[in-house]
Amino acid sequence: MSGTEFNWFKYSSPQAFHPLAGRLIPWFAAAAVGLIVVGLYVGFFIAPTDVTQGDAYRIIFVHVPAAWMSMFLYVIMAIWAGLGLGLNARPSFMMAQAIAPTGAMFTFLALFTGSMWGKPTWGAWWVWDARLTSELILLFQYIGIILLRSSIDDLRRADRASAVLALVGVINVPIIYFSVRWWNTLHQGASVSITAAPTMAGTMVTAMLVMMVGFWMYSIAVTLARMRCVIVERERQPSWGKQASIPDVAEAR
Amino acid sequence: MQWGSLAEFFAMGGYGLYVWTSFGATALCMGGEVLAVWRRSAAAGRRDES
């Protein structure tokens, strides 16, 4: 720590973060494309056909990564929201704002691909079971957070209100994760978990994990790109950081 | 590799409709999001210059 101390707060200012994010995006985007191509190749050409589900099981290669991202991104968004509330830090709120649409998109995809998988294997597009219902609630939470933000004109109020909503809603994430254990559901249990050996063939797990890392890289790239937009848009906001004075208002008329 | 022909690959053992709809929707959503962020950043950049 002597002499060569790294300034961890250097990139916490939007002005320094904007160019840094610009340099990082191409790397994350390239990693995402590479991993997803490899994941699709292993998933479609190396992983064997499942004995019980036939080739319908291949939906897992997008379904599980999308479902995981929907939960991961919510937790990360809530952490940024909490940091924003705790430290009163504007960039933290901006990160939470940048993550929400990607999380909502993956939640929708998890539900949609799940429905595509449910029809041939369960015989129903949708069932009101614990896993599916809690994931649907997660989608409504994301939409609620995005709508709440856009419905409040004052940026600081919008930041704080959507952060509180994000933090309160984080309770749903463990409910989604453990729903297949806590309740008797139609949805199958975890195929891969930290505590037990995978219940699938090695190449199937490989393809799924490669796709998951690819979706991670995609999420980082697209979130950083949206963060850059948010930074510029907020700097352009004429009302930011300055009280409207009576001459200003008079002039505006 | 377990596919004898291209038609067999697209049929996905009879589950082609479900499998390709899933992957198609995923590609559309992710591609659409990239396009949306791209356009948003182009709009932000234009305002940046003015």
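## A:Val75

In this predicted model, A:Val75 is a residue of helix H2 of chain A.

Leaving out residues up to four places away in sequence, A:Val75 touches A:Val170 and A:Val173. A:Ala166 stands 91 residues from A:Val75 along the chain, and the two C-alpha atoms are separated by 8.8 Å.

## Composition of the two chains

Chain A contains eight helices and zero strands. Read from the N terminus, its elements are α-α-α-α-α-α-α-α. Chain A has 253 residues, of which 36% count as buried. Among contacts in chain A with a separation of 6 or more, 77% join residues 24 or more positions apart.

Chain B has two helices and zero strands. Buried residues account for 18% of its 50 residues.

## Helix packing in chain A

A pair of packed helices is described by the angle between the axes and the distance between them. For H1(A) and H7(A) the angle is about 155° and the axes are 7 Å apart. The two helices are therefore roughly antiparallel, since angles over 145 degrees fall in that class. The crossing of H1(A) and H7(A) is left-handed. Their contact consists of 26 nonpolar, seven polar and one charged residues.

H2(A), the helix that holds A:Val75, packs on H3(A): the axes come within 7 Å and cross at roughly 160°. H2(A) and H3(A) are therefore also roughly antiparallel to each other, and H2(A) passes H3(A) in a left-handed crossing. The contact of H2(A) with H3(A) is made up of 21 nonpolar, nine polar and no charged residues.

## H3(A) against H7(A)

H3(A) and H7(A) have axes 8 Å apart and an angle of about 130°. That angle makes H3(A) oblique to H7(A). Their crossing is right-handed. On the H3(A) side the contact is made by A:Met94, A:Met95, A:Gln97, A:Ala98, A:Ile99, A:Pro101 and A:Thr102. H7(A) supplies A:Ser219, A:Val222, A:Thr223, A:Arg226, A:Met227, A:Val230 and A:Ile231. By class, the contact of H3(A) with H7(A) has nine nonpolar, four polar and one charged residues.

## Largest nonpolar core

The largest nonpolar core has 65 residues. Those touching the most other members are A:Ile59, A:Ala66, A:Met77, A:Ala96, A:Ile99, A:Met208 and A:Met211. From chain A, helices H1 (14-46), H2 (60-87), H3 (90-122), H4 (130-151), H5 (155-169) and H7 (202-236) each give two or more residues to this core, as does helix H2 (16-49) of chain B.

A:Ile99 takes part in the contact of H3(A) with H7(A). A:Met211, leaving aside its neighbours within four places in sequence, is in contact with A:Ile36, A:Gly39, A:Gly43, A:Phe61, A:Val62 and A:Pro65.

## Contact between the chains

The contact between the chains takes 30 residues from chain A and 23 residues from chain B. The side of chain B that touches chain A divides by class into twelve nonpolar, seven polar and four charged residues.

Terms used
Residues are numbered from 1 along each chain as its sequence is written. Chains are lettered from A and ligands numbered from 1 in the order in which they are written. This is a predicted model: local features need pLDDT of at least 70, side-chain atom pairs count only at pLDDT 80 or more; totals for chains, interfaces and linings use all residues. Two residues are in contact if their C-beta atoms, placed from the backbone, lie within 7 Å. Ala, Val, Leu, Ile, Met, Phe, Trp, Tyr, Cys and Pro count as nonpolar, Asp, Glu, Lys and Arg as charged, and the others, Gly among them, as polar. A nonpolar core is a set of buried Ala, Val, Leu, Ile, Met, Phe, Trp, Tyr and Cys residues joined through C-beta atoms within 7 Å. A residue is buried if 20 or more other C-beta atoms lie within 10 Å of its own, exposed if 12 or fewer, and partly exposed in between; C-beta atoms are placed from the backbone. Helices (H or I, at least four residues) and strands (E, at least two) are DSSP runs, numbered from the N terminus. Axes are lines fitted to C-alpha atoms, for helices over the stretch in contact, and angles run from 0 to 180 degrees between N-to-C directions. Angles under 35 degrees count as roughly parallel, over 145 as roughly antiparallel, 65 to 115 as roughly perpendicular and the rest as oblique. A crossing is left-handed if the near helix is turned anticlockwise from the far one by less than a right angle, and right-handed if clockwise.
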